[in-house]
Amino acid sequence: YTTLGVNGVNDIPLATLIAVLKHHVVNARVFSTDLASGAVTTLNGNVTVNLTPNPPTITGGLGGANVAQLQTTLLNIHATNGVVHVINKVLRPQ
């Protein structure tokens, strides 16, 4: 919350919260074995996946070379409406 200057989720403007959540959703059922390094289109812009390090890294719209040190923590969780991949931080869109 400190990077956003808020005390909790209720202090985040609704438009910002919607943009951030959409930055985590891909309009496709994608398993980790389907991924390739490069841009991945979300409902709110692109993120960049780099499969070379182990574990893979993900860079959001504001990140350069994985500035936030985002890493995958759980992959290929089957959900009723798709597949979930868990990362250790929040991706911020541009």
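Trainee: Which residues lie nearest the centre of the largest pocket?

Mentor: Rolling a probe the size of a water molecule over the atoms shows where empty space is left. On a 1 Å grid over the protein atoms alone, a pocket is an open set of points where a 1.4 Å probe fits, with protein on both sides within 12 Å along at least five of seven lines, and lining residues have an atom within 4 Å of a point. Here 26 residues line the largest pocket, and His24, Val26, Val83, Val84 and His85 lie nearest its centre. This is a predicted model, in which local features need pLDDT of at least 70 and side-chain atom pairs count only at pLDDT 80 or more, while totals for chains, interfaces and linings use all residues. Residues are numbered from 1 along each chain as its sequence is written, and side-chain values use heavy atoms, with hydrogens and water left out.

Trainee: Which strand supplies the largest share of the lining of the largest pocket?

Mentor: Strands are DSSP runs of E with at least two residues, numbered from the N terminus. The largest share of this lining, five residues, comes from β5, and β1, β2, β3 and β4 each supply at least two residues as well.

Trainee: Is valine 84 buried, partly exposed or exposed?

Mentor: Buried means under 20% relative accessible area, exposed over 50%, and partly exposed in between, with a 1.4 Å probe and protein chains only. Valine 84, which is found in strand β5 (residues 82–87), has a relative accessible area of 37%, so this residue is partly exposed. Across the protein chain of 94 residues, 24% count as buried.

Key:
Helix = DSSP H or I, 4+ residues; strand = E, 2+ residues; numbered from the N terminus.
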